[in-house]
Amino acid sequence: MTDRKPDLDALDRRTYLQATGAAALGAAGLAGCVGRATGTLATQVTDQPADIGDFQSLVVTVEGFWLGPEGAEPADDDAEPDGNETDAGGDDGADDTDAGNETDGEDDAPDGREYHEFDEPQEADLVELQNGETQLIDESELETGEYPFLQLDASAADGTLTDGSDATVELPGNAPLKFDASFEIRENTRTTFTADFAPVLRGNGRYLLRPVPSGIEVEYGDAEGSDGDGSTDGENSTDDA
């Protein structure tokens with residue numbers, strides 16, 4: 001046997017190439033994960049008539065919203081509990097115990113929902129949002145993609161009836177303020193999602209806030225071309241489910 005001394009220059013060069021190659025791959029992978037295109041989501045609220053005529057004012061506080069996981073299929077409307085709409089008697093206390101349970105934020109997202117909290121809670125008086133009137137409550141920059149629904153995180157509803165007395169207005173638990181209308185976030189585009197909901201009398205002087213699927217509107221327009229009144233240029237779609 002003959003002793004062979006290791007070629008230190010070759011080893012050093014090989015080590016250098018391996019290190020730089022790994023760094024280049026890492027940089028390429030990182031570049032693929034960052035810099036994804038974004039668009040603007042403008043969230044508006046409005047009110048359908050329902051029993052709003054009973055109110056002098058009905059101020060709803062919204063603290064944020066959930067987005068359905070990107071790419072997921074919209075929920076089957078038949079699977080949503082609709083009993084709150086037809087239960088005018090209001091004598092089944094089961095739903096009442098769940099009122100307000102849909103405000104747990106990020107900790108309550110077992111289905112992959114993504115929670116976005118506003119910088120500060122936003123208030124909207126539904127009495128003032130009739131006959132097509134809307135109110136902008138948030139604008140957020142989001143990654144481009146298609147989302148199957150938007151769900152409002154309402155934390156309070158303070159109502160005063162036309163006779164000046166306080167109204168008992170409950171937030172839905174088993175049937176939350178979830179709006180099953182798929183929409184896109186497009187690059188450099190302003191997507192305006194108008195969530196429509198209304199108070200429904202359940203009996204015993206109690207009211208429940210319910211989403212109105214037929215009133216959902218999604219509009220696409222110039223990211224800088226809207227003044228927040230719900231009017232945008234571009235495509236306009238309405239979910240009449």
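Start by selecting Trp-66 and Tyr-115: both are buried (buried is under 20% relative accessible area, exposed over 50%, partly exposed in between, with a 1.4 Å probe and protein chains only). You're looking at a predicted model, where local features need pLDDT of at least 70, side-chain atom pairs count only at pLDDT 80 or more, and totals for chains, interfaces and linings use all residues. Residues are numbered from 1 along each chain as its sequence is written, and side-chain values use heavy atoms, with hydrogens and water left out.

**Stop 1: the rings**

Stay on that first selection. A pair of aromatic rings is described by the distance of the centres and the angle of the planes. Rings of Phe, Tyr and Trp (its six-membered ring) pair if their centres lie within 6.5 Å; planes under 30 degrees apart are called stacked, over 60 edge-to-face, and the rest tilted. The count comes to 5 aromatic pairs by that rule. For Trp-66 and Tyr-115 the centres are 5.1 Å apart and the planes sit at 55 degrees, so this pair is tilted. Trp-66 is in strand E2 and Tyr-115 in strand E3 (residues 114-125), so the pair ties together parts that are 49 residues apart in sequence. Strands (E, at least two residues) and helices (H or I, at least four) are DSSP runs, numbered from the N terminus.

Next, pick Phe-183 and Phe-193. Their rings make an edge-to-face pair, with 5.2 Å centre to centre and 65 degrees between the planes. Phe-183 belongs to strand E9 (residues 183-185) and Phe-193 to strand E10, so here the linked parts are 10 residues apart in sequence. Phe-183 and Phe-193 are both buried.

**Stop 2: the nonpolar core**

Which residues touch the most other members of the largest nonpolar core? They are Leu-152, Phe-183, Phe-193 and Leu-209, out of 38 residues in that core. (A nonpolar core is a set of buried Ala, Val, Leu, Ile, Met, Phe, Trp, Tyr and Cys residues joined through side-chain atoms within 4.5 Å.) Strand E2 (residues 55-67) supplies the largest share of this core, 6 residues. For the surroundings of Phe-183, show its contacts (heavy atoms within 4.5 Å): leaving aside residues up to four places away in sequence, they include Leu-41, Leu-67, Tyr-147, Leu-150, Phe-193 and Val-218.

**Stop 3: strand E11**

Now select residues 206-211, which is E11. 6 of the 6 residues are buried, so the strand is largely enclosed by the rest of the structure. In a regular strand the side chains alternate between the two faces of the sheet. Check it here: Arg-206, Leu-208 and Arg-210 point one way, while Tyr-207, Leu-209 and Pro-211 point the other way.

Bring in the neighbours (two strands pair if DSSP finds at least two bridges between them). E10 and E11 run antiparallel, joined by 6 bridges, and Pro-199 is opposite Leu-209. These two strands make a hairpin with 2 residues between them, and Asn-204 in the turn has a positive phi of about 55 degrees. Strand E7 (residues 166-170) is joined to E11 by 3 bridges and runs parallel to it, with Glu-170 opposite Leu-208.

**Stop 4: salt bridges**

Glu-170 is in E7 and Arg-202 in E10, so the pair ties together parts that are 32 residues apart in sequence. Buried or exposed? Glu-170 is buried at 13% relative accessible area, and Arg-202 is buried at 1%.

The whole structure holds 6 salt bridges. Among them is Lys-178 with Asp-180 at 3.8 Å, N to O, where both residues are buried. Another joins Glu-184 and Arg-186, whose closest N and O atoms are 3.3 Å apart. Glu-184 is partly exposed at 33%, and Arg-186 is partly exposed at 22%.

**Last stop: Thr-40**

Finish on Thr-40 in strand E1 (residues 38-47), which is buried at 11% relative accessible area. Its side chain makes a polar contact of 2.5 Å with the side chain of Glu-141 (N or O atoms within 3.5 Å; within protein, one must be able to donate a hydrogen and the other to accept it, and residues adjacent in sequence count only if both atoms are side-chain atoms). Thr-40 also touches Thr-189, a residue in strand E10 (residues 189-203) that is buried at 15%.

Notes: Salt bridge = Lys/Arg side-chain N within 4 Å of Asp/Glu carboxyl O.
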